[in-house]
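Hello,

Here is the structure I promised to pass on. Please open it first, then read my notes below.

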Amino acid sequence: MKVSLSEDQRAVEELFSEFFAKTSEPMVVRRAEPLGFDSELWSKLCALDAPAMGVAVEKGGGGAGLAELVVLGECVGRSVAPVPIIEHTVAVRALPEPSAELLAGDEVATIALQSVTGGLDWGLIPAGAVARTVVGPCDGATVAVSGEPPGVAPSNHACMPVAFRTFEHDTATKLGDSSVWSRALSEWQILTAASLVGIAAKSLDTGVEYVKAREQFGRPIGSFQAVQHGLADLPALIDGARLLTFKAAWAMDASDPTAPTTTDVDDNDVNDPISLALMAYLFAAEVAAQVTDRVLHYHGGYGFAAEYDIGLYYRRARGWPLVLGDPAAQYQRLADRLFGAVSTDDASRKR
Amino acid sequence: MDFSLSTEATAFRQEIKDVIALTYTPDRRGEHHRTGTFACPALYQELARRGLLERIVPGLGKGDPIELWILFNELEKASVPYDALSVILIVSAMVNRLGTDFQRERILASLISAKSYACLGYSEPGSGSDVASVSTRAVRDGDQWVINGSKMWTTMAHEADWILLLTRTDPTLPKHRGLTMFVLPMDTPGISVEPVWTIGSERTNATFFDDVRVGDEWVLGGLNKGWAAMGVGLTFERGVVGETNSGVPLLRHFRQWAEETGAAHDPAIRRQMAQTAIDNEVAKLLTQRSAWMAASGELPLVEGAMSKLFATAAYQKGVHWFQQRAGAAGLLRFGEDGAAAEGWIEYEGRHAPLCTIRGGTTEINRNIVAERHLGLPKCV
């Protein structure tokens, strides 16, 4: 048992927190709106070999595990960086032979999140506005398709580079059965959770700074107990979300697909990586929404003003996770895994 | 990060589970709720017989905070009353650390074998969260102390052999500095105990001190060093001694009922069960972090406050949900036909309010996080 970062993870944190602090200032984030993609920032990130960081060494990547990528994900969230590194990372990890262009980041890849039957109509695709390659599910298989990205996104809540895309069926390359996509989806949930932890952590920092500086009634509003207590509930939520995200990554990194996973929810012993990924995603989404809401509130009217940074975080805290759809569906998936699936005939039985 | 337990810790955990399975039966639960005395002598003594209590106390045994966490985690998950045991261990740790040879000899063996209980005389009718304001007085008279005053929430005082008693010895000093801790035999003349009944079926007590005369041999940790002595107790607890896993038996009990009745098929109910499972996992991880930090030589005061803030709020939310979801069956108590989860759901509804009060209220824990973690200015 060890509840702190490894030396490697610390190095990743140092590298990327410094990088994003310098390159993805709020001005850069605003300038990238409404598309939500900054090609210059993406190029700088590529110069650090970030696009291939999570790819296995034998496939030409950096060989980082999911836990290291979680560290990167949190840094992305802290700066709400307008780069699709999370989508790109999970997509290239799912490809058996990622091309040199994808490894270098000269081309962007992404993952389709909606499972649909009988076609490649995947709904809104995260990073779909800028990604050439899309990994997604198709009739029990996992496929990759390529096409010219539109370069524009429908106007949206969080200024994300999302897009509806259409692909020809016969251009799809089969990558494997549906488990390839399922795993990529769990990885997307974990890294998105990490980015939401980053959003929440940075927002709390912003809130604490603000209430220390803002004076009303002749004293900093941060000296009022009502304000203090509203903020004091938040660190446990953020730390809890971070620990849960790391546990999910740890379980996923350690998971042997052939070994049975031990989960006994009655004994609070959950080690199944797919359940943990769902938990991390769902919890981090709630936490990021709550933290940004409260911190925006303590800014008073200025929190509602576009000029203040908290608004950038508030919208992304909601938008980044929502591209997967209503969390209600994910809660049902989690319940099925933890408590056993329910057949629809049973739904209205007895009660 | 690595969330797995060592082989040794896993074996320790299994042994605790074995002791619980061997010694805790449903009729004991009935007895607790009938008598109001929530303690399990057979279980505690079996732990003692195996040397597990001694092993937990720093200085007497290994004193590994991870094992301390595992012990209370397992007891709480199994809905076994653990408060009486936590007081035994806290007082043992304090006496071992601060006590004289005489005190160690007289007190430790009886506590660590779980043949005796102890109780905590900290709070008073007029001193709760502001515990340093206690007014129970110990006044010097020749070579003796004369103690007068009263203590609240002295749970187990009616069965205990020992009381840890926080007194004011010097009212001229600032409030934290004029305090002295005593550890007294409960049969000392002048001590009397009155029951205080709670809405959670549990009996606690008010304990009164009328001209109680004792010598210096019962001072624990030195004259006017009472506040530091309390700190030793807190350092032992390290935020891992219970109160952060109540959601686990809650979910288990509710799910048992929901599956029997078919309610477990309702998506709205499944969502709340899944949310509770997430909260339980988070509460566990936060507590596990405190245990790990303590094992690494740090004192996780702020982290312990965070775990308690999160876990108790989440538990109360879950209790509210599940009592509602159980409908009228959630009204019925233990022993009534049709009671949800044999009456557990109704009981948890009465037990829940205690969790955000005892062992440091939510407000005190928020103050700790606000001042020591967020660095916010002292409140006005």
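Predicted model: local features only at pLDDT ≥ 70, side-chain atom pairs only at ≥ 80, totals over all residues.

With 18 C-beta neighbours inside 10 Å, B:E342 counts as partly exposed. B:E342 sits in the loop between α11 and α12 of chain B. Its phi is positive, about 65°, although B:E342 is not a glycine. As background, most residues other than glycine have a negative phi, and most peptide bonds are trans.

A:V80 lies in the loop between α4 (66–78) and α5 (85–94) of chain A. Is A:V80 buried or exposed? A:V80 is buried, because 27 other C-beta atoms lie within 10 Å and the cut-off for buried is 20 or more.

There is also a cis peptide bond, between A:E33 and A:P34, with omega at about 5°. A:P34 belongs to the loop between α2 (26–31) and α3 (39–47) of chain A.

**Helix α12 of chain B**

Helix α12 of chain B covers residues 344–351. How many of its eight residues are buried? Six are, so the helix is mostly covered. The buried ones are B:W344, B:I345, B:E346, B:Y347, B:E348 and B:G349. The cover over them includes α9 and α11 of chain B.

**Chain B overall**

Chain B has 13 helices and eight strands. Its radius of gyration is 21 Å, close to the 21 Å that the globule rule gives for 380 residues, so chain B is as compact as a globular protein of that length. Along the principal axes, the C-alpha atoms of chain B fill a box of roughly 75 × 50 × 45 Å. Of the 380 residues, 51% count as buried. Take the contacts in chain B with a separation of 6 or more: residues 24 or more positions apart account for 70% of them.

The chain is divided into domain 1 (7–116), domain 2 (119–226) and domain 3 (238–373). The centres of domain 1 and domain 2 of chain B are 24 Å apart, taken over C-alpha atoms. Where they meet, 18 residues of domain 1 of chain B are in contact with 16 residues of domain 2 of chain B. On the domain 1 side, α6 (83–98) and α7 (101–112) of chain B each supply at least two residues. The largest share of that side, seven residues, comes from α6(B). By class, the domain 1 side has ten nonpolar, seven polar and one charged residue.

**Where the chains meet**

How many residues of chain B are in contact with chain A? The count is 48, against 48 residues of chain A. On the chain B side, at least two residues each come from α5 (65–77), α9 (247–261), α10 (267–295), α11 (301–325) and α13 (362–373). Helix α10(B) gives the largest share, 17 residues. The chain B side divides into 26 nonpolar, eleven polar and eleven charged residues.

**Chain A overall**

Chain A has 13 helices and ten strands. The radius of gyration of chain A is 20 Å, close to the 20 Å from the globule rule for 351 residues, so chain A is as compact as a globular protein of that length. Its C-alpha atoms fill a box of roughly 70 × 55 × 40 Å along the principal axes. Of the 351 residues of chain A, 53% count as buried. Among contacts in chain A between residues at least 6 apart in sequence, 73% join residues at least 24 apart.

One residue of chain A to look up is A:V152. A:V152 is in the loop between β4 (141–146) and β5 (163–164) of chain A. It counts as exposed, because it has 12 C-beta neighbours inside 10 Å. Leaving out residues up to four places away in sequence, A:V152 touches A:L35 and A:A129. A:V152 and A:D326 are 174 residues apart in sequence and 24 Å apart in space, C-alpha to C-alpha.

**Confidence in chain A**

The mean pLDDT of chain A is 94, and 96% of its residues reach 70 or more. Where does pLDDT stay under 50 in chain A? That stretch is residues 347–351, for which the model has ten contacts beyond four places in sequence.

Best wishes

Definitions and conventions
Residues numbered from 1 in each chain as written. Chains lettered and ligands numbered in written order. pLDDT = per-residue confidence, 0-100. Contact = placed C-beta atoms within 7 Å. Helix = DSSP H or I, 4+ residues; strand = E, 2+ residues; numbered from the N terminus. Rg over C-alpha atoms; globule rule 2.2 N^0.38 Å. Domains from an automatic or database assignment. Nonpolar A, V, L, I, M, F, W, Y, C, P; charged D, E, K, R; others polar.
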